[in-house]
Amino acid sequence: MKKRYFALIVLLLSAVLLLSACGKSEGNTFKVGMEAGYPPFNWTQLDNSNGAVRIQNSAEYAGGYDVEIAKLIAEHMGKELVIVKTEWTGLIPALTSGKIDAIIAGMSPTAERMETIDFSDNYYTSDLVMVVKKGGKYDGATSIQDFKGAKITAQLNTFHYTVIDQIEGVQKMTAMDDFPAMRVALESGIIDGYVSERPEGISAEAANSNFKMIVFEDGFKTSPEDTAIAVGLRKGSELREKINEALAKISEEKRMELMDNAIKNQPGE
Amino acid sequence: MDFNIIIRTISKYWPMFLRGTGVTLFISTIGTIVGFIIGLVIGIIRTVPVPERGIKKQILKVVNAILSVYVEVFRGTPMIVQAMVIYYGSKQAFDIDMSPLFAGIFIVSINTGAYMAEIVRGGIVSIDKGQFEAAYAIGMSHYQTMINVVLPQVIRNILPATGNEFVINIKDTSVLNVISVTELYFQTNSVAGNNYRFFETFFIASVIYFILTFTVTRILRYIERKIDGPENYILLANQMQVQTPEDALHKQQGANINR
């Protein structure tokens with residue numbers, strides 16, 4: 001009897017493994033990778049309101065500016081949009097290995113990244129800001145040099161982190177994995193501020209009243225390729241031309257409108 | 001920390017927490033069971049007595065070498081690295097398109113298998129040598145000795161270590177988000193990214209994780225006690241074939257019931 005149970009369990013297990021191994025067949029799809037945790041560019045929500053798209057292998061939906069752009073690109077290419085939710089560190093390996101066709105995740109086309117992947121034309125450009133505690137020591141700063149002696153960090157593997165060196169006498173902290181981690185650090189006082197981009201700053205401020213976004217009069221010196229955001233593609237991808245065509249069709253007003261909608265629609269508490 | 005925010009977060013995002021918990025529990029449970037089986041098999045193979053000469057010796061040597069490499073490699077590299085290499089590497093190098101869930105279970109299984117192999121080996125080594133000798137003396141093969149004599153004791157002895165592995169797996173599945181597995185940590189991170197309330201959201205996650213691990217430990221404790229049987233019991237038959245006072249008592253009671 002016991003042996004029979006054991007055999008049954010083994011059989012069941014192997015069936016489960018086999019079933020989960022069978023992926024969906026590749027069709028006429030456009031697979032886009034994103035974190036779905038970086039509002040207003042991309043986020044996760046529970047229903048398909050505001051034009052959110054179902055995440056692959058998941059019951060949740062992804063919404064945001066990136067999703068809207070991805071929808072327009074997919075429409076132009078005549079393909080079905082598939083959203084693949086992956087952590088930031090997994091995005092580039094997912095792209096180069098062919099698990100996804102494009103990264104639309106608020107990613108800037110830096111020179112370093114361009115060594116491994118290609119980028120489309122820009123679909124967004126933003127300013128760098130600093131997010132600090134409201135009413136804290138650095139609330140009211142206007143220049144990046146006001147942050148002398150402050151504990152500042154930014155997201156790992158982004159240019160946000162390298163520009164911190166432009167502040168004289170700053171205490172550059174270890175780079176952090178994602179924005180949630182930095183927000184925890186800021187709220188708990190481990191850091192005095194983190195470098196971010198304007199849309200993220202606005203939404204951080206809107207969602208948590210303890211946060212204040214500092215827009216600099218005398219800001220970081222950045223190259224346009226850093227502050228721009230583009231679609232990441234495999235080296236020599238044949239999709240690039242089509243995507244650039246699709247992006248060219250989206251007017252500047254339309255982009256502003258999409259971003260305003262995204263900031264407005266992003267889920268709060 | 002605000003208690004109202006916790007309530008609001010739970011009432012709004014409970015399906016995400018629930019699904020994340022489901023995925024975490026699913027991967028860690030199957031991964032631990034499969035890993036346990038892998039560990040048992042490897043443990044048996046690695047303790048096969050090596051004959052002095054002959055083809056069997058050569059085969060055993062090769063197999064043992066391969067198993068050693070497996071154990072050392074998967075025990076000696078972090079699971080997050082294995083996940084990246086196996087999931088993305090298999091696609092890039094061999095064009096094998098694993099689903100994230102399958103890849104997750106696969107990685108947790110082989111990882112646990114590597115640890116369990118050593119735990120099982122330790123368990124087998126700890127069994128008194130005399131028992132092996134006795135079993136071989138009455139003509140049992142290595143396999144029979146293992147199944148009938150050694151493993152029942154080994155499994156009981158390594159249950160606490162298995163519980164450890166299970167608890168570790170529940171917590172370590174949180175690294176699988178790099179391969180798109182939407183387990184509890186990834187879901188929590190998404191919720192925190194939405195509501196910007198980190199302490200509250202991660203506090204919920206920590207409570208869920210604790211409930212999971214605590215329940216698992218309790219269940220394994222229960223199984224341990226079940227295997228141990230009652231602490232005091234009366235032997236039904238003793239080897240001396242002499243009636244003891246207890247036997248007499250039993251017979252009497254039995255007779256009373258029959259009447």
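Two residues are taken to be in contact if their C-beta atoms, placed from the backbone, lie within 7 Å. On that basis, in this predicted model, the contact between the chains takes 41 residues from chain A and 34 residues from chain B. On the side of chain A that touches chain B, at least two residues each come from helix H1 (2-21), strand E2 (43-45), strand E5 (80-85), helix H3 (88-97), helix H6 (179-188) and helix H7 (198-207) of chain A, and H3(A) gives the most, with six residues.

Within chain A, the domain assignment gives domain 1 (26-125 + 226-265) and domain 2 (128-214), whose C-alpha centres lie 26 Å apart. Here 12 residues of domain 1 of chain A are in contact with eight residues of domain 2 of chain A, and helix H8 (224-227) and helix H10 (252-265) of chain A each supply at least two residues of the domain 1 side.

In chain B, the axes of helix H7 (residues 184-195) and helix H8 (residues 198-228) come within 9 Å and cross at roughly 160°; because angles over 145 degrees count as roughly antiparallel, H7(B) and H8(B) are described as roughly antiparallel to each other. Their crossing is right-handed, and the residues that make the contact include B:Leu184 and B:Tyr185 of H7(B) together with B:Phe198 and B:Tyr209 of H8(B).

The table sets out the residue classes.

| Side of domain 1 of chain A that touches domain 2 of chain A | seven residues | four residues | one residue |

Key. Residues are numbered from 1 along each chain as its sequence is written. Chains are lettered from A and ligands numbered from 1 in the order in which they are written. This is a predicted model: local features need pLDDT of at least 70, side-chain atom pairs count only at pLDDT 80 or more; totals for chains, interfaces and linings use all residues. Helices (H or I, at least four residues) and strands (E, at least two) are DSSP runs, numbered from the N terminus. Axes are lines fitted to C-alpha atoms, for helices over the stretch in contact, and angles run from 0 to 180 degrees between N-to-C directions. Angles under 35 degrees count as roughly parallel, over 145 as roughly antiparallel, 65 to 115 as roughly perpendicular and the rest as oblique. A crossing is left-handed if the near helix is turned anticlockwise from the far one by less than a right angle, and right-handed if clockwise. Domain bounds come from an automatic or database domain assignment. Ala, Val, Leu, Ile, Met, Phe, Trp, Tyr, Cys and Pro count as nonpolar, Asp, Glu, Lys and Arg as charged, and the others, Gly among them, as polar.
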